[in-house]
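Subject: Handover of a model

Hello,

I am handing this structure over to you. Please open it first, then read my notes below.

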Amino acid sequence: MYFRAHAPKAPTVDPVKSSDTSGGESLRTVVIAFGANFGVAIAKSAAAVATGSASMVAEAAHSWADTGNEIFLLVANKRGSRGPDRARPLGYGREAYVWSLLAAVGLFVAGAAVSIWHGVTSLLSGESSAENYTINYIVLAVAFVLEGISFLQSVKQIRGEAQQYDKDFLDYALETSDPTLRAVFAEDSAALIGLVIAAAGIGLHQLTGSAVWDALGSIAVGILLGVVAVVLIDRNRRFLTGEPGSRALWDAVVERIERLPEVASVRFVRIEFVGPKQLFVVASVDLVGDSVESSIARTLRRLERELETDNAVVDAVLTVAEPDERDKGDAGVVPHRTT
């Protein structure tokens, strides 16, 4: 079953594919990113030592931060994919946001702070030891290719899911409930932009003979990483504290419940993300007919189990609506820009 809003370009739920398919694609994206960042980090570090370029030092710090972050994302993918058990009836999906949050903090501290600090100290000292510009340009070119491979993998995954649900590419990348996919895309985008900034700083240093440009390049890379890290921290914070989902998602859940054979209408729905592509659904409904209390309880439990066969629904709780309970048009969720 797929929860899907019908209006094109409206905020929609994540594609609800089988857990193995979705998790496998995200895992592949993170593994490719890890390999690319590790190779790039080694090359940039060697170039930074050989040339002393402030921009190259910033780029090396950036790549090592990204490499460490991919480890956090691998842990997030692994631990967040565990299903419900007696200790955690809603599963372990929120662990994905915890480890992704740590990755974002690492990007801020090890990437942004180190780059800005090194750029400022280089700017204040006025010293320049970058002489072999050719090494820098070669390393930056190789890094661009490797980062580009990782970037294209994340773009492929995002585009496939966004097109399936008539979602704008960038909106989906920012709002998806899959934190590992969002992190890889954001980090690779920042990496490619950072490489251009670093190349510009080194190039201006070479043309003018002034190390100021190189130092400014390092600072610019640090600011870029800081902005990306803050965005990622905020998105993970939202999901950790209980992201309710969009109005389009809410409508799709209501539609799904109404298709259950014994449901006459839905009076109230509340949904909450409890992990990547994982929902907790609470609803009150009017049932068809006039069954006795014991029969109603069995019917509700059976309908809950049927809802939970949908890959997106980790747990569902259904109750019988009170006669004066608000109808579904006023209940549940305030529209929110989330997939």
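In which helix is glycine 194 found? Glycine 194 is found in α6. Helices here are DSSP runs of H or I with at least four residues, strands are runs of E with at least two, and both are numbered from the N terminus.

Before the rest, some ground rules. This is a predicted model, in which local features need pLDDT of at least 70 and side-chain atom pairs count only at pLDDT 80 or more, while totals for chains, interfaces and linings use all residues. Residues are numbered from 1 along each chain as its sequence is written, and side-chain values use heavy atoms, with hydrogens and water left out.

**The chain overall**

The protein chain has nine helices and three strands. Along the sequence, the pattern reads α-α-α-α-α-α-α-α-β-β-α-β. Of the 339 residues, 49% are buried. Buried means under 20% relative accessible area, exposed means over 50%, and partly exposed lies in between (1.4 Å probe, protein chains only). The chain exposes about 14,800 Å², and carbon and sulfur atoms supply 64% of that area. Accessible areas come from the Shrake-Rupley method with a 1.4 Å probe; for residues, only the protein chains shown count as cover. Take the contacts with a separation of 6 or more: residues 24 or more positions apart account for 78% of them. A contact means heavy atoms within 4.5 Å.

**Helix α6**

Helix α6 (179-208) has 30 residues. From first C-alpha to last it reaches 43 Å, close to the 44 Å expected at 1.5 Å a residue. That expected span is 1.5 Å times one less than the number of residues. The helix is mostly covered, with 21 of its 30 residues buried. Glycine 209 follows α6, and its phi is positive, near 80°.

Back to glycine 194. Why does glycine 194 count as buried? Because its relative accessibility is 0%. Leaving aside neighbours within four places in sequence, glycine 194 is in contact with Glu59, Val221 and Leu224. Histidine 62 is 132 residues away along the chain, yet the two C-alpha atoms are separated by 8.8 Å.

Leucine 204 also sits in α6. Leucine 204 is partly exposed, at 31% relative accessible area.

**A nonpolar patch**

Leu123, Leu204, Leu207, Val212, Trp213 and Leu216 form a nonpolar patch on the surface, with about 530 Å² of accessible area together. Helix α7 gives the most, with three. Patches are made of residues with over 30% relative accessible area and no salt bridge; like charges are joined within 9 Å, and nonpolar side chains (Val, Leu, Ile, Met, Phe, Trp, Tyr) within 5 Å.

**What the record says**

The unreviewed UniProt entry annotates residues 96-117, 137-155, 190-209 and 215-233 as "transmembrane region". Its positions are given in the numbering used here, feature names are shortened, and annotations may be inferred rather than shown by experiment. In the model, residues 96-117 are 100% helix and 0% strand, with end C-alpha atoms 30 Å apart. Residues 190-209 are 95% helix and 0% strand, and their end C-alpha atoms lie 27 Å apart.

**Salt bridges**

How many salt bridges are there? The count comes to 18. The rule asks for a side-chain nitrogen of Lys or Arg within 4 Å of a carboxyl oxygen of Asp or Glu.

Arginine 94 and glutamate 272 meet in one of them, at 2.2 Å from N to O. Arginine 94 lies in the loop between α2 (54-80) and α3 (95-125) and glutamate 272 in strand β1, so the pair ties together parts 178 residues apart in sequence. Arginine 94 is partly exposed at 26%, and glutamate 272 is partly exposed at 28%.

Arginine 302 and glutamate 262 form another, at 2.7 Å from N to O. A network of salt bridges that share partners joins Arg301, Glu304, Arg305 and Glu308.

Leucine 260 is in the loop between α8 (247-258) and β1 (263-275). Leucine 260 is buried, at 1% relative accessible area. Not counting residues up to four places away in sequence, leucine 260 touches Leu303, Glu306 and Leu307.

Best wishes
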